Amino acid sequence: MTNNIKIAPSILSADFAQLGAEIARIDAAGCDWIHIDVMDGHFVPNITIGPQVVKALRPHSEKPFDVHLMISPVDQYIDAFADAGADIISFHPEAGPHMHRTVQSIKARGVGAGIVLNPATSLSCLDHIMGDIDLILVMSVNPGFGGQKFIHSQLEKISAIRKMIDASGRDIRLEVDGGIDRATAPLAISAGADVLVAGTATFTGGPDKYAENIAALRGQ
Ligand SMILES: O=C(CO)[C@@H](O)[C@H](O)COP(=O)(O)O
Ligand SMILES: [Fe+2]
């Protein structure tokens with residue numbers, strides 16, 4: 001039996017020389033979503049992939065593409081990522097001046113909209129947007145790189161957001177991203193997370209281990 005926890009491997013830790021095959025492998029290994037980290041070398045100190053690569057990857061899995069934008073500005077790229085096949089697009093409030101407008105642009109494309117909170121970002125930015133969003137993503141590392149250590153102070157933030165979501169009565173997913181492994185996954189779940197992003201912990205050990213790694217993160 002599966003629980004309600006969704007596992008979203010971050011392809012940042014996949015073999016970039018064979019990304020399509022890697023996506024097919026994590027799909028077959030039982031992941032729920034596919035987390036795609038988009039970095040621009042400006043909002044964060046790393047550069048990854050753009051909408052053309054997302055489009056090329058789309059035929060390799062039918063599972064939801066969970067696109068995490070670490071770019072600034074954001075608005076002029078929403079259509080390109082929606083066209084490329086994103087199912088959820090999340091962005092950081094610090095990346096642009098009009099958070100509500102960006103959410104509306106994402107929703108207008110029939111795509112789920114998510115807000116990403118950096119470790120030091122205040123919860124107050126969620127106050128007037130809870131009625132419009134589908135997902136809140138808590139960064140448990142500073143954005144930019146895979147393989148960093150989980151920042152434990154974020155557990156308190158996850159618990160506070162869980163209360164806000166339950167009080168809202170809306171169906172908002174609470175995702176945690178960064179340093180999730182077999183030790184930290186249960187902590188994030190206990191605090192109220194229901195989607196776990198995991199790059200290093202999914203891809204460690206090579207393709208033969210993907211299914212075991214994903215099941216372990218789910219707590220099975
Ligand atoms: O958004 C990011 C980093 O900015 C993440 O999605 C990481 O790629 C997760 O990697 P691990 O910490 O699981 O290795
Ligand atoms: Fe991410």
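Analyst: Start with the contacts of Ile136. Leaving aside neighbours within four places in sequence, Ile136 is in contact with Gly114, Ile115, Leu117, Leu126, Ile161, Ile172 and Leu174. Two residues are in contact if their C-beta atoms, placed from the backbone, lie within 7 Å. This is a predicted model, where local features need pLDDT of at least 70, side-chain atom pairs count only at pLDDT 80 or more, and totals for chains, interfaces and linings use all residues. Residues are numbered from 1 along each chain as its sequence is written, while chains are lettered from A and ligands numbered from 1 in the order in which they are written. The protein averages a pLDDT of 97; pLDDT is the predictor's confidence in each residue, from 0 to 100.

Ile136 lies in strand β6, residues 135–139. Helices (H or I, at least four residues) and strands (E, at least two) are DSSP runs, numbered from the N terminus. Ile136 counts as buried because it has 27 C-beta neighbours inside 10 Å. The cut-offs are 20 or more other C-beta atoms within 10 Å for buried, 12 or fewer for exposed, and in between for partly exposed, with C-beta atoms placed from the backbone.

Met99 is 37 residues from Ile136 in sequence and 13 Å away in space, C-alpha to C-alpha. Helix α4 spans residues 99–108, and its buried residues are Met99, Thr102 and Ile106. They sit on the same side of α4 because they cover an arc of only 65° around the axis. That arc is taken from the directions from the helix axis to the C-beta atoms. The buried residues of α4 pack against α3 (78–84), β4 (88–91) and β5 (112–117). The face turned away from them carries the exposed His100, Arg101 and Ala108. After α4 comes Gly110, with a positive phi near 75°.
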